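Good morning, and thank you for coming. Please look at the sequence and the model on the screen while I go through a few of their parts.

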Amino acid sequence: MLINDMTFNELKQLVDSGDAQAMLEMGELYYQGEQIERDTAMAVALWERATENSDNEIKLKAIQRLVQFYVEKNDEFAAIKWATKEEQFGSCGSVLNLFEERYPHKPAIYGGVKKDECAEVLRSFFKQVREK
């Protein structure tokens, strides 16, 4: 679907009917502030909805967009939260949940460890992704 071929109201109707691709694209409109007033909260809400009940390709695109958004906001925790939910490879609530497995030990979670270094790795990665 190409946004330019649709009016905002036509795209909204698709969103309201549950079309995940339309949610992904309308989220981008809200994020960019094109054709409508910029509203990043609405963009995120639409991208999150697009991850639910959609095919893997659209779900992956929505997750990637959410990760990119949170990296740009310097909210690496939220970025990692979405990245680990990725359907095919995630380890925290998607393919498996490492924290619910029956290991003889319980994993400890520490926040902020190598925060700056990890943030730079994520920024660099998504900069490369955006440049492609």
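In which helix is Glu76 found? Glu76 belongs to helix α5, which covers residues 76-84. Please keep in mind that this is a predicted model. Glu76 is buried, because its relative accessible area is 9%, and buried here means under 20%. Leaving aside residues up to four places away in sequence, Glu76 touches Tyr70, Val71, Lys115, Ala119, Leu122 and Arg123. Glu76 and Glu120 are 44 residues apart in sequence, while their C-alpha atoms are 9.9 Å apart in space.

Let us turn to helix α2. This helix, residues 20-32, has 13 residues and reaches 18 Å from its first C-alpha to its last, close to the 18 Å expected at 1.5 Å a residue. At its start, a side-chain oxygen of Asp19 comes to within 3.0 Å of the backbone nitrogen of Gln21. Just after the helix, Gly33 has a positive phi of about 75°.

Why can we call α2 largely enclosed by the rest of the structure? The reason is that 10 of its 13 residues are buried. Among them are Ala20, Met23, Leu24 and Tyr31. The buried residues of α2 pack against α1, α3 and α4.

Because Tyr31 lies in helix α2 and Phe69 in helix α4, the pair ties together parts that are 38 residues apart in sequence. Tyr31 and Phe69 are both buried. Ring pairs also link Tyr31, Trp47, Phe69 and Tyr70 into a cluster.

Which charged residues sit by the ring of Tyr31? The charged end of Arg38 sits over this ring, 4.7 Å from its centre. Arg65 lies over the face of Tyr31 as well, at 4.5 Å from the ring centre. Arg65 has its place in helix α4, residues 56-72, and is buried, because its relative accessible area is 9%. Beyond residues up to four places away in sequence, Arg65 touches Glu28, Tyr31, Gln32, Trp47 and Glu72.

Finally, I come to the nonpolar core. The largest one has 29 residues, and those with the most contacts inside it are Trp47, Val67 and Tyr70. The elements that give two or more residues to this core are α1, α2, α3, α4, α5 and α6. In soluble globular proteins, nonpolar side chains tend to be buried together. Thank you for your attention.

Key
Residues numbered from 1 in each chain as written. Predicted model: local features only at pLDDT ≥ 70, side-chain atom pairs only at ≥ 80, totals over all residues. Heavy atoms only, no water. Helix = DSSP H or I, 4+ residues; strand = E, 2+ residues; numbered from the N terminus. Buried < 20%, exposed > 50% of the residue type's maximum accessible area, 1.4 Å probe, protein only. Contact = heavy atoms within 4.5 Å. Expected span 1.5 Å × (residues − 1). Polar contact = N/O pair within 3.5 Å; in protein donor to acceptor, adjacent residues only side chain to side chain. Core = buried A, V, L, I, M, F, W, Y, C linked by side-chain atoms within 4.5 Å. Phe/Tyr/Trp six-rings, centres within 6.5 Å; stacked < 30°, edge-to-face > 60°. Lys NZ or Arg CZ within 6 Å of the ring centre and 35° of its normal.
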